[in-house]
Amino acid sequence: MINRSRFFNTSADFVYVELRNKIINKQIRPGERLPEVKIATEMDVSRTPVREALRRLASEGLVRIIPNSGARVSAPTVAEMQGAYLVREHLESLSVVLACKNGLDRRTLERIEEVIVAEEYAFTARDLEASLEANNAFHRLISEASKNPVLIEYIDNIMLRTNVYVLFYDTFSEETNYSTTEHKEILRAIATRDVDQAEDIMRKHLKHSHSMLTLPEEIIYTKKGRA
């Protein structure tokens, strides 16, 4: 058996990548415990790199570290997702309004167009992570066009949260690439400085993204049972 850890700079990097891949590929399910000792034994490392890897995953929102209980894969509830998307909708509506008022310079316009092309390639390849990366880049460029540092920071934070939902609960099963089509429409509205159109499309786009998430029945049942 090949020792894959030797291809990484540190043991923590190795553990981080292995755990992240297992979480994203659904080999470890939302809510599942991540015992440090078990992981260290299975990956033939000490507990220190495991602890560091778990902290990195927690910073991305993929893992929750609970004091005196240990780490678990995050298990977002329906209410948490609804709340996050509601906040994101308001924040990004403001970002497109400001982007329309500020306008897009040529370099920003070119970068957004490049991102849209990358997103199209990712969709064709059915590569969820690449698609998410391109999607994030699009929304980040729009937020940066708002020229409001506080708003940019808040949008970065809310995207980090909703990224987790996409990785966990987006089946990536759409046959039509609605996201890229909607991104093109948003870009067109901003480029022509049509504030109302840009804001309306952004809201519809985020509602559509939210609607594509499929929460496992056992999570819904568990959360209802706790209510």
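Analyst: Glad to walk through this one with you: two residues are in contact when heavy atoms of theirs come within 4.5 Å. Please keep in mind that the model is predicted.

User: Leaving aside its neighbours within four places in sequence, which residues is Glu60 in contact with?

Analyst: Start with where Glu60 sits, which is the loop between α3 (47–59) and β1 (63–66). Its neighbours within four places in sequence are set aside. What remains as contacts of Glu60 is Tyr16, Arg20, Leu160 and Val164.

User: Thanks! Which side chain makes a polar contact of 2.3 Å with the side chain of Glu60?

Analyst: Two polar contacts are worth looking at here. The side chains of Glu60 and Arg20 are joined by one of 3.0 Å. The contact at 2.3 Å pairs the side chain of Glu60 with that of Tyr16.

User: Stepping back, how many helices and strands are there in the chain?

Analyst: Following the sequence, the elements read α-α-α-β-β-α-α-α-α-α-α-α. Along the principal axes, the C-alpha atoms occupy a box of roughly 60 × 45 × 35 Å. The tally for the chain is 10 helices and two strands.

User: Among contacts in the chain between residues at least 6 apart in sequence, what percentage joins residues at least 24 apart?

Analyst: For some background on the chain, 44% of its 227 residues count as buried. Turning to contacts, take those between residues at least 6 apart in sequence. The share of these that joins residues at least 24 apart is 76%.

User: Which element gives the largest share of the lining of the largest cavity?

Analyst: The lining is made up of 27 residues, and those nearest the centre of the cavity are Ser131, Asn135, Asp170, Ser179 and Ser209. By class, the lining has 10 nonpolar, 12 polar and five charged residues. With six residues, the largest share comes from α6.

User: Now to His205: is it buried or exposed?

Analyst: His205 belongs to helix α9. Beyond residues up to four places away in sequence, it touches Asn135, His139, Ser179, Glu182, His183 and Ile186. The cut-off for buried is under 20% relative accessible area. His205 has a relative accessible area of 1%, so it counts as buried.

User: Which side chain does a polar contact of 3.0 Å join to that of His205?

Analyst: Here, too, there are two histidine partners to tell apart. The side chain of His139 is joined to that of His205 by a polar contact of 3.3 Å. The polar contact of 3.0 Å joins the side chain of His205 to that of His183.

User: And how far apart in space are His205 and Tyr178, C-alpha to C-alpha?

Analyst: In sequence, His205 and Tyr178 are 27 residues apart. In space, their C-alpha to C-alpha separation is 8.8 Å.

User: Why are Arg106 and Glu110 separated by about one helical turn?

Analyst: Arg106 and Glu110 form a salt bridge, their closest N and O atoms being 3.3 Å apart. Arg106 is exposed at 68% relative accessibility, while Glu110 is partly exposed at 30%. They are separated by about one helical turn because, within helix α5, their spacing is four residues.

Notes
Residues are numbered from 1 along each chain as its sequence is written. This is a predicted model: local features need pLDDT of at least 70, side-chain atom pairs count only at pLDDT 80 or more; totals for chains, interfaces and linings use all residues. Side-chain values use heavy atoms; hydrogens and water are left out. A polar contact is a pair of N or O atoms within 3.5 Å; within protein, one must be able to donate a hydrogen and the other to accept it, and residues adjacent in sequence count only if both atoms are side-chain atoms. On a 1 Å grid over the protein atoms alone, a cavity is a set of points where a 1.4 Å probe fits but cannot get out, and a pocket is an open set with protein on both sides within 12 Å along at least five of seven lines; lining residues have an atom within 4 Å of a point. Ala, Val, Leu, Ile, Met, Phe, Trp, Tyr, Cys and Pro count as nonpolar, Asp, Glu, Lys and Arg as charged, and the others, Gly among them, as polar. Buried means under 20% relative accessible area, exposed over 50%, partly exposed in between (1.4 Å probe, protein chains only). A salt bridge is a side-chain nitrogen of Lys or Arg within 4 Å of a carboxyl oxygen of Asp or Glu.
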